[in-house]
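Notebook open, model loaded. I'm jotting down what I looked up, one entry per stop.

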Amino acid sequence: MKKILYVVMAALVLVACNPNEPKIVSKDKKMIDKGSKEILSLLGQKQKDVKKAFEAAGYVDVTDEVVHEGGLPQRLNLPAAKSATSIMAYAYNAPEDISVMSGEDEDEQIDFFNEIVASKKVFIEAMLYFNENNRLAQIMLISAAGQEVKNVPFLYLTASTNIFASLEKPLEADEYNWSGALMEDPSEEGDEFTSNKKRAKFEEKFTAMAQEGETYASEEAQALVEDGFIQYGLFWATDFTLLPLVGEGMPKDIDPLCGAILVASFTPKSEEP
């Protein structure tokens with residue numbers, strides 16, 4: 001009997017000691033895991049329900065600091081950003097004065113991002129765009145962490161896997177299509193994964209690349225759900241300054257920072273072409 005117990009305990013230890021486990025605080029890890037499973041299901045929801053979900057997850061409302069004339073949300077070339085009747089912004093683990101992130105003072109931006117690196121936490125900012133019916137039409141979510149955080153690329157893989165899986169449950173998509181690409185250098189061609197059936201190969205290849213060195217990933221998916229059409233793009237960069245939408249114009253002298261960006265949108269059936 002004792003021998004059986006020892007075998008069971010040894011197996012549990014092996015399961016718990018995942019060599020790819022990111023070394024971040026448990027609260028952040030749980031939030032990213034749970035949040036990535038649910039983020040797409042917020043699309044099309046009422047503003048009050050979206051607000052409640054973000055605040056329950058530990059996000060802070062930074063709309064007043066971020067959404068202003070000439071601010072980042074308005075400068076983005078996103079369809080919903082141009083037509084939104086209401087914009088909200090939330091942040092998680094943000095240094096003080098988040099407004100400098102979209103400001104013009106480069107020294108303040110450098111200090112802001114270097115503080116994220118020094119904290120060894122994961123910073124997340126979410127911009128939420130609501131349509132004329134007060135429903136969430138588009139999300140842009142930016143995350144960043146210091147490159148020295150052990151196994152930090154696997155936070156992206158966890159979130160990516162959860163977001164993809166959410167197309168089946170809880171969204172119960174009638175039909176969905178996914179594709180992805182992986183590169184060691186974003187300026188060069190990499191490996192392409194052109195269908196849902198290639199998803200497992202994508203995860204396997206990402207794991208191998210992340211264990212060896214720099215990784216860059218891009219994904220996109222489209223899904224038909226009961227009340228409309230969802231699409232998203234998800235990107236990962238070992239060098240945060242090379243992320244699409246946010247990297248251009250960023251100071252290049254920040255401490256080594258990696259990150260991801262999610263852009264997701266919802267079109268009701270009544271508005272589908």
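**Entry: T238.** I listed the contacts of T238 (heavy atoms within 4.5 Å), skipping neighbours within four places in sequence, and got Q147, E214, T215, Y216, L257 and C258. T238 sits in the loop between strand 8 and strand 9. For element names I use DSSP runs numbered from the N terminus: helices are H or I with at least four residues, strands are E with at least two. T238 is buried, at a relative accessible area of 12%; my classes are buried under 20%, exposed over 50% and partly exposed in between, with a 1.4 Å probe and protein chains only. Its side chain reaches the backbone nitrogen of T215 at 2.9 Å.

**Entry: ground rules.** This is a predicted model, so I note that local features need pLDDT of at least 70 and side-chain atom pairs count only at pLDDT 80 or more, while totals for chains, interfaces and linings use all residues. Residues are numbered from 1 along each chain as its sequence is written, and side-chain values use heavy atoms, with hydrogens and water left out.

Entry: I traced an open sheet of 9 strands in the order 1-2-3-4-9-8-7-5-6, with antiparallel pairing. Pairing here needs at least two DSSP bridges between two strands.

**Entry: strand 2.** How many residues of strand 2 (residues 86–92) are buried? I count 7 of the 7, so the strand is largely enclosed by the rest of the structure. In a regular strand the side chains alternate between the two faces of the sheet. Here both faces are covered, with S86, M88, Y90 and Y92 buried on one side and I87, A89 and A91 on the other. Strand 1 (residues 60–61) pairs with strand 2 in the antiparallel sense over 2 bridges, and V60 has A91 as its bridge partner. Strand 2 also pairs with strand 3, again antiparallel, over 7 bridges; M88 stands opposite L128 there. I also found helix 3 (residues 47–56) lying across strand 1, strand 2, strand 3 and strand 4, at about 10 degrees to strand 2.

**Entry: E219.** On to strand 7, where E219 has its place. Is E219 buried or exposed? It is buried, with a relative accessible area of 3%. The E219 side chain makes a polar contact with the side chain of R199 at 2.9 Å. My polar-contact test is a pair of N or O atoms within 3.5 Å; within protein, one must be able to donate a hydrogen and the other to accept it, and residues adjacent in sequence count only if both atoms are side-chain atoms. Beyond four places in sequence, the contacts of E219 include Y156, S160, W178, F202 and Y232. Strand 7 pairs with strand 5 in the antiparallel sense over 9 bridges, and A181 has S218 as its bridge partner in strand 7.

**Entry: helix 8.** Helix 8 (residues 153–165) has 13 residues and reaches 19 Å from first C-alpha to last, close to the expected 18 Å. The expected span is 1.5 Å times one less than the number of residues. Of its 13 residues, 10 are buried, so helix 8 is largely enclosed by the rest of the structure. The cover includes helix 2 (26–38), strand 5 (175–183), helix 9 (199–212) and strand 7 (216–225).

I then checked the packing on helix 9: the two axes come within 10 Å and cross at roughly 170 degrees. Helix 8 and helix 9 are therefore roughly antiparallel. The contact residues include Y156, L157 and S160 of helix 8 and R199, F202 and F206 of helix 9. Axes are lines fitted to C-alpha atoms, for helices over the stretch in contact, with angles from 0 to 180 degrees between N-to-C directions; under 35 degrees counts as roughly parallel, over 145 as roughly antiparallel, 65 to 115 as roughly perpendicular and the rest as oblique.

**Entry: helix 7.** D105 caps the N-terminal end of helix 7, with a side-chain oxygen 3.0 Å from the backbone nitrogen of D107. K120 follows the helix with a positive phi, near 55 degrees.
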